Amino acid sequence: MKGKTRLRPPDSRRAILERDEYIDPADGLIHCRVCGRPKQRYGVLFGVEHYFPIPCDCQKEQAAAEKREREQEELEQHVNRLKADGLGWKELQNYRFEEAQSLDPKVLVTLRNYCSQVSEKTVPGLLIWGPPGSGKSFAAACIVNEILESCQPAIMTCFGQLLEELSGMNLQDRQKHLAGIFSKSLICLDDLDLRYLTKLTIPLAVDLMNRVDHSSKPIIITTGYTLDELRHPRTDLEEKVFRILRRNTAPVYIGGPDHTSQIERQHLMNLQGTLQTHSM
Ligand SMILES: [Zn+2]
């Protein structure tokens, strides 16, 4: 090959050089001024001499950076689709561990560790319980967002609302809807409360909880019931449902101040401030 370098036909080389290119007299090939690497390779194809264009290190790096950018965009679009599918209420998408200063640091560590174990089949479900407004739904949504952002499908739906939706469906649609929910890597049923069930929704709740009992995927349930209430059911329905909860979940207590009341007070103060500004 070395002997052939001198024999290369001059017209097979590009006539016009870019500003960041030069011809290296050592090999007669176009090189990059930035990285110094060749942008051509000499070869003979079917007996004809050619200068094949090849990328220099800068071009390789640029192509790799563009590929990474494309992949990142595709990943973000994929996560956005998962979030739109898994979090019916858009506001839930903003509930993230980074914003969870109000949660007990030990609980926060537990919840974060839990997220890293969701892909393992042995991880149990979580029963997030505590007083009203303490941040149970917030904590659950933080977990669901974390799972969605790791590209695993997850869903968070309100227990009562889901039963209402199911009650308006025919059997076939109901089965399809539930199959879709339980195909996710993580399922969160928010705000479980049996006290507001009707004759129509009780059988649906039993069916739903039976699916929870037989699910191979971890289930997160948030509830206002205390552990004492869960241990001492007062009705047959509570007995059945609470037994399923205790069999499939590990309890995590979310306490602290009533954040909902704090938010309400803040809204009221904002409103009063607005009214005062307008009356001045
Ligand atoms: Zn270069």
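Analyst: A residue is buried if 20 or more other C-beta atoms lie within 10 Å of its own, exposed if 12 or fewer, and partly exposed in between, with C-beta atoms placed from the backbone. This is a predicted model: local features need pLDDT of at least 70, side-chain atom pairs count only at pLDDT 80 or more, and totals for chains, interfaces and linings use all residues. Residues are numbered from 1 along each chain as its sequence is written.

User: Which residues of helix 9 are buried?

Analyst: Val-241, Phe-242, Ile-244 and Leu-245. Seen down the axis of helix 9, they fall within an arc of 155° (taken from the directions from the axis to the C-beta atoms), so they line one face of the helix.

User: And what does the face turned away carry?

Analyst: Exposed Asp-236, Glu-239 and Arg-247.

User: What covers the buried residues of helix 9?

Analyst: The cover includes strand 5 (125-129), helix 7 (201-214), strand 8 (219-223), helix 8 (227-231) and strand 9 (249-253). Contact requires C-beta atoms, placed from the backbone, within 7 Å. Helices (H or I, at least four residues) and strands (E, at least two) are DSSP runs, numbered from the N terminus.

User: How many bridges join strand 6 to strand 7?

Analyst: 5, and the two strands run parallel. Ala-154 stands opposite Leu-186 in strand 7.

Terms used. Contact = placed C-beta atoms within 7 Å. Pairing = 2+ DSSP bridges.
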